[in-house]
Amino acid sequence: MSSRRLFSDELEQRLDEVLFASPSHRSAKNIADGLERLTRVQQELVLHWISVAAQTYAEIGYQVASLAPKALDRLDTAGFEAWVLAGLDAYDRKGGQLAMTLLRDLDGFCAAREHASAAARLAEVETRLSRFLQGLSGRPLALGAGQVAHTDTESVFLPAQLATLPSAADNRRLYKATAALLWAQTRYGTFGTAAIDVEATLARWVDRERALRWFAALEAVRLEAVIGAELPGLAAEMAALRGPWPEALGEAVLRLGRPDTAVSHSLTFLADCMAGEGEPPPLPHVGAIDLDAVLRVRAARIARESETVRRALSTLKGFGGRQGAGEDAPAVNVEGGKVEFSLDGELAALPPEAQAAAQSLLQDLGEVPPECLVPAGPGAWQPTERVVGEGGGENALTSHREPHRRYDEWDYRRRAYRRGWCHLFEVDLKPGDPDYVAKVSLRNTALIRQIRRRFEMLRGEDRLLGRQPEGEEVDIDALVEARADAASGAEPSARLFCRRIRNERSLAAMFMVDMSGSTQGWVNDAEREALVMLCEALETLGDAYAIYGFSGWTRTRCDIYPVKRFDEKYDATVRGRVAAIEAKDYTRMGVAIRHLTRLLDAQPARHKLLVSLSDGRPDDFGDEYRGHYGIEDTRRALQEAHERGVRSFCITIDRHGADYLQRLYGPARYAVLDDAKKLPLKVADLYRRLAT
Amino acid sequence: MSATQHAATPKLQSVEKEPYYQPIGGEIALFESAHRRRLPVLLKGPTGCGKTRFVEYMAWRLKRPLVTVACHDDLTTADLVGRYLIIGNETVWVDGPLTAAVRAGALCYLDEIVEARKDTTVVIHPLADARRILAVDKRGELVAAPDDFMLVVSYNPGYQSVLKEIKPSTRQRFVALEFDYPEAAVEAGIVATEGNVDAETARRLVKLGELTRNLKGAGLDEGASTRLLVHAAQLISDGVLPATACTAAVARALTDDPDMTGTLDDLVRAVF
């Protein structure tokens, strides 16, 4: 590249190329004029990112183009890229309007970026923090992003970014302290118990918001002392972060800074604070208290858990379940922080779920509510929960359903993932022709017999190794020889034993079958026949295997069709599903690979193999998945699988050579078949080569 | 070739000194009762909660020798029962640990029985029911167990793997004693005694144990066992800083995952 700057008319021409798809008819002239003064390196950088942005959304391309000179005055290359990426990310998550606002707010972005080196982001600490909370509480506390730090007793919400303190490490500690304090609110009764009604006390003040702010500050004082008794290290860390208590809280520290205080003490003292005019002093690690959310969530939980405990108790012998016997309610003992139920003087063991529910009730209420101890009617003892994604027939539009999982997708142009971009649904296949597998088997009897014979030879079986230095049995042949040797004066061998060697295959194989529209006809038939052969082979071999079909329609509906899960047997149901495999919509491969890798990862086998059967390049409706984007994403997904120890093998049916395959399957091995008819013959054979 | 009568029966060891054991419930009485009634015992519980120590203690209490076999997936029947060895010009029969224990009327403890191959465990079946005999196929011998002989096996139901399950035909021969980590106060006592630390340090170690056990299933396969806490205590009593001792003996011992290690470090710092 020459280092000469591009002139305005050259820039205009380049801009027209990258922005041509835009529906707006604005001239690129003004933009080109603005870019003219940049260096050539900067100009190329800007052109590159304009093109990336415009491919996502043309308006963002324009926005980036027109703001680029200003942005580059204030940001270095990395900063400029981060600015564009932040805009694109906002577009992915929240839509064009917000993306534009974010891009226009250059001041805000630069200010945030200056802080950024010192800021900690929730995304970075999330895993570690949520485990920390799980460790502290025993009751799962979800972590989520919120404007201000608060908890509703089931989730802890923290700001997406913290830059209060001067260094990133301090801000990460601040995250921990803030989260721990919120946990302590749920653990040490900030929101009241059956005996203490916080809501009623707070209702006394008209300025509820100010009362809540004071309450949060007072609880911070009290809880730190309470935490100090159990977790002195954590309390010390909190103390270091907040610095000395502000003077306004001096009295509070004296009255509440003891480990034996309860929320009632805070509430009593709150009246004194509210009598004055002042606001509570700000503390870095103290979030807000959202009492309404707490009460709503807590009421729902208490109802659910009471029901769980009640049902569990009623299934216990002699209580509710049987008439006449044991009409007394079970006795509850909550000493030492553990709930124990006893019936007629004998300790009763509850199922773990119910025990956990009782424990959780104890945390919320300080007791197990008496209504739990009243027998419930017969029935499943766990209250039925809403099943996610239920009722998603074929015509159900997925935008109304919550996906089972979301997966990131790799955008090669941004060199970054689009977070939670693909919505994955597991969809049940309607059983197909029950006789299909039998018919195929009948047609291919000879071939199947051959496959079985071949695979039987591979089956892991014990072997007896002779002439070993040690083993469980004497090798008579070797012994006779040794005796003869000894008798003839030669030195006898010391290898006189037999040892049994176990030949155990530890392999789990996942088959991923393309169910896109392009497989209609021959390819689909071939896929199904191939699966019949494969199942025969694998059943003979005894390897763990699973089969899933995949198809979809844009990123918001990536469907995975379980044909055979790992824990299912090759029975009539599975055979019916094999018959039901049919051509559906498009091939968004990346997300399917990511999901199946996840399933495969959970298998205990030592070796894991992912085999994909498809007919050509990845493709999806409408958006850019077709072409380079899809190839790069698929490649990335295969790479991720490889990193997780899953080896992948891709079988493609493609008549027209395969120039892109090398790139696509870079991290995996692959085979190309030019004719679908060969697939059934080949698949079992390829598997044999792979898995032995 | 002539085979001498079990020429090489291994010398069995008795437990001379009383091992430290803190009873948790009625397990001692139950075990003694099972011994009197000649019933085999199955000990269930997570790793490091005191199963092995309990068996040692009971061997001492009942004044029987103790034969311990750590089961592994290459353990064969011959490893348990015995085999012919060739020594000089003779094949010599050598009793395996199980046979030796039966002959001596000892306590035979098969630790982590699920680790052994399924076909191996079948050999204990006739020993573990009313017949109380051990078949030594290769010698064509049936060894009847004396009244004092007792079979004890242990396993950890926490392993979620389907491969590590005990067969019903095996498990239904045993009286099962369930072990778990003791209550906080009792566990603190154990840690203090075994680790030779003061009560406050022991209490904090137990707190740490409790926090890590909350993470079971959320990134950890198992929380810290009493044994790990004792290790940490021993390091502390030897002068290692508490946080360092816990990091080495607990956090690093539980996981290799960097994220999880970070979390455990946070927990250690929260307690100390």
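Strand β14 (residues 507–514) of chain A runs parallel to its partner, strand β17 (residues 607–614) of chain A, and the two are joined over seven bridges. Strands pair here if DSSP finds at least two bridges between them; strands (E, at least two residues) and helices (H or I, at least four) are DSSP runs, numbered from the N terminus. Within this pair, A:M512 sits opposite A:S612 in β17(A).

This is a predicted model, in which local features need pLDDT of at least 70, side-chain atom pairs count only at pLDDT 80 or more, and totals for chains, interfaces and linings use all residues. Residues are numbered from 1 along each chain as its sequence is written, while chains are lettered from A and ligands numbered from 1 in the order in which they are written.

Both strands belong to an open sheet of eight strands with mixed pairing, in the order β9-β10-β16-β15-β14-β17-β18-β19 (chain A). The edges are held by β9 (405–411) and β19 (669–673) of chain A; each has a single partner strand, so one side of each lacks a neighbour in the sheet. From one strand to the next, the twist averages 25 degrees (axes are lines fitted to C-alpha atoms, and angles run from 0 to 180 degrees between N-to-C directions).

Now to the chains: 25 residues of chain B are in contact (C-beta atoms, placed from the backbone, within 7 Å) with 21 residues of chain A.

| Element | Residues |
|---|---|
| β3 of chain B | 82–87 |
| α8 of chain B | 199–213 |
| α11 of chain B | 258–271 |

Of these, α11(B) gives the most, with nine residues.

Key. Contact = placed C-beta atoms within 7 Å.
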